[in-house]
Amino acid sequence: MACLDILDISAGASIQDFGRRGWQRYGVTAGGAMDRFALAEGQAILGNGPDAAALEFAVRGGRFRAVDSLAISTSGAQMDLKVNDVSRRWRSCLLLRSGDILEIGYARRGFYGYLHLPGGVEAPKILGSRSYLLMAGIGRDLASGDRLRGVSDRIPGSLRSLSPNAYLERRAIRAVPAAQIRMFPDRMLRDFENSEFEILPARNRQGIRLAATRGPFCLDDGLRVPSAAISSGDIQISGDGTPIILMADSQPTGGFPRIACVISADLDAVAQMPIGEKFKIQIISRDEAVSELGRMRREIDNLRSLAEASEAESAGECALLRHSLISGAIRGDEYELD
Amino acid sequence: MDERRYPEVLAAGECAVLIVFGDRYSLSVNNAVLAFDAEIRTDPFDGLDETVPGIASLQLRFDPLAVDPKRVEAWCRRKLETRDWYSARINRTANSWVFPTVYGGDSGPELAEVADKAGLREDQVIDAHSGAHLRVVMLGFTPGTAYLAELPGEFDIARRKSITPSVPSGSILIAMRQTVLPGCPIPTGWSVIGRTKIETFRPGERNPFLLSPGDSVRFEAIRESDAGSVDLERFWNRRGDGVS
């Protein structure tokens, strides 16, 4: 089995895949990875399928010990990465040997990082997904002493990698109108588009609270609508006028009006913005949002061939590495593809 | 409510539309939501992912690369015009439930406060609440958490000023003429007047939800000493066609 023992892990780490579909009518939010593109990247690097789960970290990772030889990959926020105190390349596949210490430190760019195991990180599938949803009692806080298991123990024939993706730095966020946009007067909508927003420290998998240079955007005191379904990306205006971008683990329904909805293609970039980051929100047409979604899906479809291209550059070394890992004659890290 | 305005079909992001049937809860508005929901689930369009009933609205989630959102909206408008959804019979078999409930005491620490706000004695609150035939108008907030309507006018009481960090599943919460029955432990600003042992969410089960929108529920007052003998499996075994 491909196993890692947790020696130390940051608060808020959880196992995530692409989440649950079809249960929102029973009060179950879709959930899933905060950065879905990053999840797909790590899957492509390790050769995992689209239903493989990963370990998601916020801001900082943890320390792990390899129980036996295994392959891993990392993706998402650029985090400090070391194996046995030697720095290694982020967003690539690594081979670990029994006893190796893997250390994932702080994020240097972005907010959410991902650690992938062969076949995905094992966790019970509940309502069609391995994603933790802590508020519903699905999954639990991970702690030192826990063991992470891969679904398979496959060791890839080659080590793939991907170069950093520009979306981690995107600061122009696009949104389309939400269902309640007409509750907000034109003046307020202009303010919204002209405002600069800042990510406040009160952020988690449920939502990201924003400060705004314009506004406030509050309607008549305490104005509510009858509870209605929420989509992730909805920008809710709370009673005090604070905008909150509702994220993967948001409530499935809510009664605060929503002014706009971050387009699917920009939601990963929002998730990856660190606290204190400033950005603007531009309202675009739904047609544009759909074509951006199409572009993102094509990029995701293309990840596997991009990752495969990286292995061709050094196919000979990969073969040697794989051989050496199996024979145990030399250590894998002497042949890192960096 | 401006009757002519509803139902309206609104864009909600690029992957959803929201059909709004009214600006507040009423039996006929919720009827329209659930009847239209049942209709769409019986006769879905290609590309539909799921439908999510709210108290007075229905969200349709779809893949906009599989079906043009403008076509979804046109399809909804056409379908909405085919009949009066506000008086439609809900096209599904709803379950009727009677949940044994312990009111007051440790199970319902805010019973006295609610009685005070409603201008009733505690026993009158229990009689009124347990006598009401309620409907599951929506599931939301957390898995299996049911919103039930509608209580008599005396129960039009505001949420509490402070938030209780966690109340157990099965708590009977009331505010604004509504009852909420949480499917897992939740934080709440609503008043806790009782508790039932019936779980509405069992995460490990293949179909883990006891209730569906449209089900009817009555709470039956029992003594605390009788709570231990409630047979929970009886409830889970008798789910009928109402669960889909």
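A: First, the element names: helices (H or I, at least four residues) and strands (E, at least two) are DSSP runs, numbered from the N terminus. The model is a predicted one, where local features need pLDDT of at least 70 and side-chain atom pairs count only at pLDDT 80 or more, while totals for chains, interfaces and linings use all residues. Residues are numbered from 1 along each chain as its sequence is written, chains are lettered from A and ligands numbered from 1 in the order in which they are written, and side-chain values use heavy atoms, with hydrogens and water left out.

Q: OK, where does A:Arg91 sit?
A: In the loop between strand S6 (86-87) and strand S7 (93-96) of chain A.

Q: Which residues are joined by a cis bond in chain B?
A: There, B:Ala149 and B:Glu150 are linked by a cis peptide bond, omega about 0°. B:Glu150 lies in the loop between strand S7 (146-149) and strand S8 (164-167) of chain B. As background, most residues other than glycine have a negative phi, and most peptide bonds are trans.

Q: Switching to the interface: how many residues of chain A are in contact with chain B?
A: 40 residues of chain A, against 50 residues of chain B, where contact means heavy atoms within 4.5 Å. The area buried between the two chains is about 3600 Å², and carbon and sulfur atoms give 56% of it. That's the accessible area (1.4 Å probe) that two parts lose on being put together, summed over both.

Q: Which residues of chain A lose the most area to chain B?
A: A:Arg25, A:Tyr26 and A:Arg286, together 25% of what that side buries.

Q: What does the side chain of A:Arg25 meet?
A: The side chain of B:Asp37, in a salt bridge (2.8 Å, N to O). A:Arg25 is in the loop between strand S2 (14-16) and helix H1 (36-46) of chain A, and B:Asp37 is in helix H1 (residues 27-42) of chain B, so the pair joins two chains.

Q: New topic: at what angle do the axes of H3 and H4 of chain B cross?
A: Helix H3 (residues 111-118) and helix H4 (residues 122-131) of chain B have axes that come within 9 Å and cross at roughly 90°. H3(B) and H4(B) are therefore roughly perpendicular to each other. Axes are lines fitted to C-alpha atoms, for helices over the stretch in contact, with angles running from 0 to 180 degrees between N-to-C directions; 65 to 115 counts as roughly perpendicular, under 35 as roughly parallel, over 145 as roughly antiparallel and the rest as oblique.

Q: Which residues make that contact?
A: B:Leu111, B:Ala112, B:Val114 and B:Ala115 from H3(B), and B:Glu122, B:Val125 and B:Ile126 from H4(B).

Definitions and conventions: A salt bridge is a side-chain nitrogen of Lys or Arg within 4 Å of a carboxyl oxygen of Asp or Glu.
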